[in-house]
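This report walks through one protein model. Keep the sequence and the 3D view open while reading.

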Amino acid sequence: MSSLKLNFQHVRALVVDRDRFTANIIAQMLRGFGMSGIEIFENAADAKKYMQSHLVDLCIIEANLPEISGADLVRWLRQEKKEPARHIPVLVMSGYSQSQDISDARDAGANMVVKKPVSPRLLFDRLSWIART
């Protein structure tokens, strides 16, 4: 891992992935970085409902969600009226590296797009980059 020291102890993260197994692996990596406040959702509707009443510090979103795309969820978040919610750092994960998926997520307001599978090192490095910006 990077020599950068980050304290993730009080970071509240939201992981949205239609595949529960993948979401649990990402959550386990986040726990390994010191995060304890991690919520997992399998669809955008449940994630939206949660974010309307809870503050989170980080969102990790699958690009290909069942009912709407990850880019659409990011777009909704960026247009949310609640001030802190609009500025939450968002990392989008995609199992596909099609340029359209990447540009859609970027154009929607994602801070970073990464290709799955994600290694702990890659995830830590990307979270470090987001934390520095």
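## Helices α2 and α3

Helix α2 (residues 44-53) packs against helix α3 (residues 70-79) at an angle of about 20°, and their axes are 11 Å apart. That makes α2 roughly parallel to α3. By class, their contact has six nonpolar residues, one polar and one charged. On the α2 side, the contact residues are A44, A47, K48, M51 and Q52; on the α3 side, they are L73, W76 and L77. The crossing of α2 and α3 is right-handed.

Some ground rules apply. This is a predicted model, in which local features need pLDDT of at least 70 and side-chain atom pairs count only at pLDDT 80 or more, while totals for chains, interfaces and linings use all residues. Residues are numbered from 1 along each chain as its sequence is written, and side-chain values use heavy atoms, leaving out hydrogens and water.

## Terms used here

Helices (H or I, at least four residues) and strands (E, at least two) are DSSP runs, numbered from the N terminus. Axes are lines fitted to C-alpha atoms, for helices over the stretch in contact, and angles run from 0 to 180 degrees between N-to-C directions. Angles under 35 degrees count as roughly parallel, over 145 as roughly antiparallel, 65 to 115 as roughly perpendicular and the rest as oblique. A crossing is right-handed if the near helix is turned clockwise from the far one by less than a right angle, and left-handed if anticlockwise.

Contact means heavy atoms within 4.5 Å. Ala, Val, Leu, Ile, Met, Phe, Trp, Tyr, Cys and Pro count as nonpolar; Asp, Glu, Lys and Arg count as charged; the others, Gly among them, are polar.

## The sheet

Five strands form an open sheet in the order β2-β1-β3-β4-β5, with parallel pairing. β2 and β5 stand at the edges with a single partner strand each, so one side of each has no neighbour in the sheet. From one strand to the next, the twist averages 20°. Helix α3 packs on this sheet and touches β1, β3 and β4; its direction makes about 150° with that of β3. Helix α6 lies across β3, β4 and β5 and runs at about 175° to β5.

Strands of a sheet pair through backbone hydrogen bonds, either parallel or antiparallel. Two strands count as paired if DSSP finds at least two bridges between them. Strand β1 (residues 12-16) and strand β2 (residues 37-41) pair in the parallel sense over five bridges. Here R12 stands opposite G37 in β2.

## Buried strands

How many residues of β1 are buried? The count is four of five, and the strand is mostly covered. Buried means under 20% relative accessible area, exposed means over 50%, and partly exposed lies in between (1.4 Å probe, protein chains only). In strand β4 (residues 90-94), five of the five residues are buried, so β4 is largely enclosed by the rest of the structure. V90, V92 and S94 point one way from β4, while L91 and M93 point the other way.

β4 has parallel partners. Strand β3 (residues 58-62) pairs with β4 over four bridges, and C59 has V90 as its bridge partner. Strand β5 (residues 112-115) also pairs with β4 over four bridges. S94 stands opposite K115 in β5.

## Helices α1 and α6

The axes of helix α1 (residues 20-32) and helix α6 (residues 120-132) come within 10 Å and cross at roughly 65°. This crossing is right-handed. I26, M29 and L30 in α1 meet P120, L123 and L127 in α6. The contact of α1 with α6 divides into six nonpolar residues, no polar and no charged.

## Single residues

W129 lies in α6. With 37% relative accessibility, W129 counts as partly exposed. Leaving aside neighbours within four places in sequence, W129 is in contact with N111 and M112. N111 and W129 are 18 residues apart along the chain, and their C-alpha atoms are separated by 9.5 Å.

D107 lies in helix α5 (residues 99-108). D107 is exposed, with a relative accessible area of 55%. D107 and R75 are 32 residues apart in sequence, with 8.6 Å from C-alpha to C-alpha.

P117 sits in the loop between β5 and α6. A cis peptide bond joins K116 and P117, with omega about 0°.
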